[in-house]
Amino acid sequence: METEEIRRLIALEDAHWWYRERRAILRRELRELGRPGVALDIGAAGGGNTRVLAEAGWDATATDMDESALEMARQRGVPAVRADARALPFGSGSVDLVTAFDVLEHVREDHLVTEEIARVLAPGGHVLIAVPCDMALWSAHDDAVGHVRRYRRESLTIVVEKAGLQVDRVWSWNVLLRPVVKWHRRRSVGSDLSKVPTLLNAGLSAVIRAERYLPVRSLRGVSLFLRARLKR
């Protein structure tokens, strides 16, 4: 992702419906993982998700390739290290949790990223991954933010399992708004990263929160989440 796109993301993420609900998903997953330990947030940009990890008691570090993004993360009090996700500067078996939200789709050699995640995880450690799904949704937005691909459940599962990780579950997200997203992106000429009017943001927030209670995770959405672990 270009530096300007990262700056735009950081400016939006605290209030934007998409990022707020993803942080809520992260919080729920963290509650299930139990006792906090050492966490690594790959492709963290300004560290919005890293802050969630820290608030939940994790010893969390943000990594990104963009130095300006890391500096913005540090200004927000987030420990940050410049790192290529394909060659992480962390010891083998040194991390209890890795988060990689919107990372794999930017890397042609996505298998190198999942292999590095498996390497740095301690036995029994977990990884939480989020990626855009379905090439049928490819649009100018994907080009603008530097995507290489969008995933299917099968392709995401394969690249994770080949790294030696055991997949616990995969689920769809942003299912209810998929038709709206598809319609909008067919007409878009660039990135979706823009400020949403307050009333519209509230309405979209209400729709996406409804997915917490509806049996829609097996249906096609806009994104996929995956949770996996390294066998003990």
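Predicted model: local features only at pLDDT ≥ 70, side-chain atom pairs only at ≥ 80, totals over all residues.
Local features need pLDDT of at least 70, side-chain atom pairs count only at pLDDT 80 or more, and totals for chains, interfaces and linings use all residues. Residues are numbered from 1 along each chain as its sequence is written, and side-chain values use heavy atoms, with hydrogens and water left out.

Empty space was examined first. Rolling a probe the size of a water molecule over the atoms shows where such space is left. Here a 1 Å grid was laid over the protein atoms alone. A cavity is a set of points where a 1.4 Å probe fits but cannot get out. A pocket is an open set with protein on both sides within 12 Å along at least five of seven lines. Lining residues have an atom within 4 Å of a point. Points are joined across faces, edges and corners, and a volume is the space filled by probe spheres set on them.

The second largest pocket has a volume of about 200 Å³. Its lining includes Leu-33, Trp-58, Asp-96, His-126 and Arg-232. Strand S5 (residues 121–132) gives the most to this lining, with five residues. Helices (H or I, at least four residues) and strands (E, at least two) are DSSP runs, numbered from the N terminus. By class, the pocket lining has five nonpolar, four polar and three charged residues. Ala, Val, Leu, Ile, Met, Phe, Trp, Tyr, Cys and Pro count as nonpolar; Asp, Glu, Lys and Arg count as charged; the others, Gly among them, are polar.

The structure holds one cavity of 30 Å³ or more. About 90 Å³ of space lies in the largest cavity. Among its lining residues are Glu-21, Arg-28, Trp-171, Trp-173 and Glu-211. H2 and strand S6 (165–173) each supply at least two lining residues. This lining has five nonpolar, one polar and five charged residues.

Gly-57 follows H3 and has a positive phi, near 100°.

Helix H8 (residues 178–187) buries Arg-178, Val-181 and Arg-185. Seen down the H8 axis, these residues fall within an arc of 60° (taken from the directions from the axis to the C-beta atoms), so they line one face of the helix. The face turned away carries Pro-179, Arg-186 and Arg-187, which are exposed (over 50%).

Notes. Buried < 20%, exposed > 50% of the residue type's maximum accessible area, 1.4 Å probe, protein only.
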